[in-house]
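User: Please examine the model shown below and answer some questions about its packing.

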Amino acid sequence: MAIMEDRKIPPNCSNPESDAFYAAADEGKFMIRRCTSCKKAHWYPRAVCPFCFGATEWEQASGEGTVYSFSTMLRSNFTMAYVTLKEGPTMMTNLIKIDPETMKIGAKVKLAWVQTDANKVPCFEPA
Amino acid sequence: MSIKGKAYIAGAFEHPTRKAPDKSVFQLHAECAAGALADAGLTKDDVDGYFCAGDAAGMGPINIADYMNLRLSYLDSTDVGGTSYIGAVGHAAAAINAGKCNVALITLSGRPRSEGVQTGTGQRPGNPQVGDSPWETHFSPATTNVYGMVAARHMHEYGTTSEQLAWIKVAASHHAQWNEHAMLRNVVTVEEVVNSPMVSTPLHRLDCCIISDGGGALIVVKPEIARSLKRPLVKVMGHGESWKGQMGGDVDLTYSGARWSGAAAFAESGVKQSDIKYASIYDSFTITVLMQLEDLGFCEKGQGGKFVSDGNLISGVGKLPFNTDGGGLCNNHPANRGGITKVIEAVRQLRGEAHPKVQVPNCDVALAHGTGGLLGSRHGSSTLILERE
């Protein structure tokens with residue numbers, strides 16, 4: 001196969017815990033949240049730490065990651081994936097600009113913003 | 001406090017329909033309820049506990065209880081997806097043991113086939129009130145691709161193959177050929193499974209369960225009532241529940257909540273894996289079965305592929321007969337929720353009422369286990385162990 005032609009990603013929804021993320025996303029900044037008590041980063045971003053219930057704060061992340069797993073829906077032209085971020089947490093995302101036949105678990109990937117009818121959403125492409 | 005021996009399954013009924021365009025969902029629930037009561041030798045007026053889940057539309061159990069006009073002292077509508085009804089047996093046993101009710105009715109029904117629901121591949125709208133939705137829904141976690149990621153990771157970690165997964169479907173099809181109500185009755189081969197169209201890598205069409213209309217019901221009663229009835233005694237021995245999610249970002253797709261719910265059920269029942277003569281294992285996909293068998297302790301983690309191969313799950317052939325009704329892969333997956341049919345076939349086996357071609361000889365201890373929701377993102381997990389008294 002060759003590089004798959006990617007589908008149009010549907011618009012994201014948002015709530016008060018995600019609004020700041022998408023405002024930053026539209027400016028090209030990829031933010032994650034880290035606990036001020038236990039210091040651990042988590043995903044998906046929450047105001048309350050999922051490890052210790054401590055308070056959390058935003059920090060800008062590198063956008064570097066590795067593919068933990070993926071599954072390509074050939075008929076729908078997209079690839080569902082979990083990517084483990086350099087900062088630690090593993091996040092659900094879509095892989096874009098890939099050849100599904102040569103993509104491998106463990107592959108290095110980098111952040112790639114995709115504009116939807118709502119905001120930019122964080123996808124990943126081969127690094 | 002344990003529920004071991006404190007409740008019995010006295011009635012079980014699987015609706016014969018697999019496509020019901022002319023019936024309403026509540027009608028199917030009531031037909032299943034009537035069927036299970038008749039099977040037990042009880043009547044509607046005997047019911048004082050009612051258990052349902054997300055397939056019963058309306059406000060929890062209220063609208064459906066009103067349709068059936070039940071008089072109740074106990075109600076529970078815990079929804080953890082398709083496994084809810086396996087957990088409901090444990091909840092019913094606990095309520096009976098606490099004196100809250102005597103005759104518990106559990107129902108499930110739905111008609112996704114008639115409604116044309118794209119269960120495994122359809123896109124779902126976002127709901128910002130659900131905390132994970134702003135982060136995930138636009139990435140389209142359609143059921144097949146989330147289970148596909150679990151299969152892909154299992155293959156990566158343990159060398160599991162598509163051919164090994166295919167054996168699970170092959171075993172189910174061997175059983176379904178004897179079930180006159182099964183949606184798919186053709187026996188298939190490993191080659192046919194791995195050569196069927198790819199739906200979401202690495203899962204093929206024949207790795208996926210069917211979409212069917214229908215339903216089922218169970219009657220759980222206190223011991224004195226069970227002994228007053230004419231049906232074989234199927235005793236609740238143990239039950240375990242759990243769930244598993246993304247763990248704050250520490251995602252690990254190599255195991256499921258069965259690791260916890262299974263351990264709890266085995267501990268409560270005092271039964272060992274080697275005592276289980278028959279196992280109903282939730283089969284939304286072939287990978288679901290493989291993961292659960294490992295996590296329930298029927299084989300070592302990572303050895304599931306080897307365990308399911310060469311017909312080891314086929315009744316009369318292998319060491320662990322599973323889903324002898326044909327399961328969700330071939331027989332029935334009503335309302336996209338396979339929990340209740342898992343309990344129903346376990347009851348048939350323990351009563352000696354399974355089809356003679358698949359009946360397990362001297363079947364005295366059985367297990368029913370299910371995964372609800374999405375194995376690869378967040379799922380409920382329920383395990384039930386039953387014994388023929």
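Analyst: A nonpolar core is a set of buried Ala, Val, Leu, Ile, Met, Phe, Trp, Tyr and Cys residues joined through side-chain atoms within 4.5 Å; buried means under 20% relative accessible area, exposed over 50% and partly exposed in between, with a 1.4 Å probe and protein chains only. This is a predicted model in which local features need pLDDT of at least 70, side-chain atom pairs count only at pLDDT 80 or more, and totals for chains, interfaces and linings use all residues. Side-chain values use heavy atoms, with hydrogens and water left out.

User: How many residues does the largest nonpolar core have?

Analyst: Those with the most contacts inside this core are A:L95, B:I276, B:I287 and B:L313. Its largest share, seven residues, comes from α5(B). The core has 86 residues.

User: Why is α5(B) largely enclosed by the rest of the structure?

Analyst: Helices are DSSP runs (H or I, at least four residues), numbered from the N terminus. Helix α5 of chain B covers residues 143-158. It is largely enclosed because the buried residues number 13 of the 16.

User: Is B:N331 buried or exposed?

Analyst: B:N331 lies in helix α12 (residues 327-331) of chain B. Leaving aside neighbours within four places in sequence, B:N331 is in contact (heavy atoms within 4.5 Å) with residues including B:E14, B:R18, B:H181 and B:D325. With a relative accessible area of 0%, B:N331 is buried.

User: What is the mean pLDDT of chain B?

Analyst: pLDDT is the predictor's confidence in each residue, from 0 to 100. In chain B, 100% of the residues reach 70 or more. The mean is 97.

Terms used. Residues numbered from 1 in each chain as written. Chains lettered and ligands numbered in written order. Helix = DSSP H or I, 4+ residues; strand = E, 2+ residues; numbered from the N terminus. Expected span 1.5 Å × (residues − 1).
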